[in-house]
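User: I would like to go through some of the labels attached to this structure and see what each one rests on. Please set every value against its cut-off.

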Amino acid sequence: MTFDHDWCVAPGETLQEWMVEHDMGVPEIALACRCTRMETILGVLDGSMPISPPLAGALQAGTGISAKFWLRLEERYRLGLARGKTAI
């Protein structure tokens with residue numbers, strides 16, 4: 001038996017948790033990820049910025065978490081939304 005919950009987690013939730021654990025704010029993580037615009041990080045955090053392969057690479061550079069992991073989170077999140085799940 002499998003449990004299929006009615007919610008999905010935005011990759012920004014994982015990024016937010018990482019930032020808290022590492023005592024980093026948006027400006028610091030944007031710099032670490034070499035993002036020239038803080039809006040990119042803010043978009044990831046609120047779920048409005050889809051994580052593309054280049055952005056996943058930037059997140060990997062800034063967090064040490066693999067680009068593959070970020071892309072997998074993004075794929076599962078967008079698929080969940082498409083299936084009508086609630087974003088958390």
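User: What makes Trp70 buried or exposed?

Analyst: This is a predicted model, in which local features need pLDDT of at least 70 and side-chain atom pairs count only at pLDDT 80 or more, while totals for chains, interfaces and linings use all residues. Residues are numbered from 1 along each chain as its sequence is written, and side-chain values use heavy atoms, with hydrogens and water left out. Buried means under 20% relative accessible area, exposed over 50%, and partly exposed in between, with a 1.4 Å probe and protein chains only. Trp70 has a relative accessible area of 0%, so Trp70 is buried.

User: Why is the pair of Phe69 and Trp70 called edge-to-face?

Analyst: Rings of Phe, Tyr and Trp (its six-membered ring) pair if their centres lie within 6.5 Å, and planes under 30 degrees apart count as stacked, over 60 as edge-to-face and the rest as tilted. One aromatic pair is found in a search of the whole structure. The ring centres of Phe69 and Trp70 are 5.9 Å apart and the planes stand at 75°, so this pair is edge-to-face.

User: How do you know whether Phe69 is buried, exposed or partly exposed?

Analyst: Phe69 has 28% relative accessibility and therefore counts as partly exposed.

User: What makes Glu75 buried or exposed?

Analyst: The relative accessible area of Glu75 is 56%, so this residue is exposed. The C-alpha atoms of Glu75 and Pro50 are separated by 9.2 Å, although the two are 25 residues apart along the chain.
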